[in-house]
Amino acid sequence: MRPSTLNLTRTASAGARFRAALTIESPLQIIGTSTAYHALMASKVGFRALYLSGGALAAGALGVPDLGISNLADVLIDAQRITAATDVPLLVDVDTGFGPSSLNMMRTVKSMIQSGVAAIHIEDQVALKRAPSRGKVMLVPLADMVDRIKAAVDAKTDPDFVIVARTDAIAVEGLQATLDRASACVEAGADMVIPEALPELAMYKMFVEACKVPIIAGIPEFGKAPIFTREELQSVDVSMVLYPLSAFHAANAAALNVFRTIRSEGTQKSVVSTMQTREELYEYLGYLKYEQQLDAQRAKVL
């Protein structure tokens, strides 16, 4: 881990900013942001790290389920929009690397670094992946997952770029095999580990002690694992708490309510109070700053 003297400005690489955030806040809260505007709002309310979920991207940008349908180009579009909008470091879900070989993984890593991404997480499912909440997870052999991590590490052009290994093995192979998978990934060069869907708080402590690298607890809604609090996870030395889809679920529910209301009532009057105002939108966008720049340019022309 790099020292806390690293700053969070563009003078440091995105990976360095991510590592620096981890030294400032513990556990570091990483919030899912599926659009550049959500990333702006999250950064302005104080989040020090952001996340782009493959599930949110598949559903939100493409209108398809998270079953390995989206590709590298799809993810890069949204990742680049977020990294252009804010300096807050971004962790990106790259599924299994977007291809069958180590060459695909290497291309993914290089493309993410070039796009200003700070970190990626790689999972040990087969390419035709399933959501763990569906209970139909199929894993690749451990040797294949280790090869994915090694290829990702070898492709790094920025030494501070963060490689996170995610394992979905807990429901398939049990605790000890999951610990073994995580430890093998760390030995292969993974900087951090996400042990997905752990059912018991004490298990996180086991991963902290076994892996000896920062552990990320993914805390989604509507999954099979409990929603542990930040304080509970801090008590077992978890380094980061990831909220992958919280804002996405909330935004979808709000939009659906507006659609249904307008369709049934013929007006939006009853739901206007639930909406973000135009003034709030302009505030988070920095609208006044853009307007001042336009006025200054017009003044020069005149």
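Hi everyone, let's start with a pair of helices: helix 3 and helix 4 are roughly perpendicular to each other, the term used for angles of 65 to 115 degrees. Their axes cross at roughly 90° and come within 11 Å. Axes here are lines fitted to C-alpha atoms, for helices over the stretch in contact, and angles run from 0 to 180 degrees between N-to-C directions. Helices (H or I, at least four residues) and strands (E, at least two) are DSSP runs, numbered from the N terminus.

A quick word on the source: this is a predicted model, where local features need pLDDT of at least 70 and side-chain atom pairs count only at pLDDT 80 or more, while totals for chains, interfaces and linings use all residues. Residues are numbered from 1 along each chain as its sequence is written, and side-chain values use heavy atoms, with hydrogens and water left out.

Which residues of helix 3 and helix 4 make the contact? Helix 3 brings Leu57, Ala61 and Leu62, and helix 4 brings Asp74, Val75 and Asp78, where contact means heavy atoms within 4.5 Å.

Strand 7 runs parallel to strand 8 (residues 240–243), joined by three bridges, and Ala217 has Val241 in strand 8 as its bridge partner.

Helix 2 (residues 36–44) packs against helix 12 (residues 278–285) at an angle of about 80°, with the axes 9 Å apart. Tyr37, Leu40, Met41 and Lys44 of helix 2 meet Glu280, Leu281, Glu283, Tyr284 and Leu285 of helix 12.

Finally, the inside. The largest nonpolar core has 58 residues, and Val92, Met112, Ile120, Ile122, Ile149 and Tyr204 touch the most other members. Such a core is a set of buried Ala, Val, Leu, Ile, Met, Phe, Trp, Tyr and Cys residues joined through side-chain atoms within 4.5 Å, and buried means under 20% relative accessible area (1.4 Å probe, protein chains only). Apart from that core lies another, of 18 residues, including Ala49, Ile194, Met240 and Leu242.

Note on methods. Buried means under 20% relative accessible area, exposed over 50%, partly exposed in between (1.4 Å probe, protein chains only). Angles under 35 degrees count as roughly parallel, over 145 as roughly antiparallel, 65 to 115 as roughly perpendicular and the rest as oblique. Two strands pair if DSSP finds at least two bridges between them.
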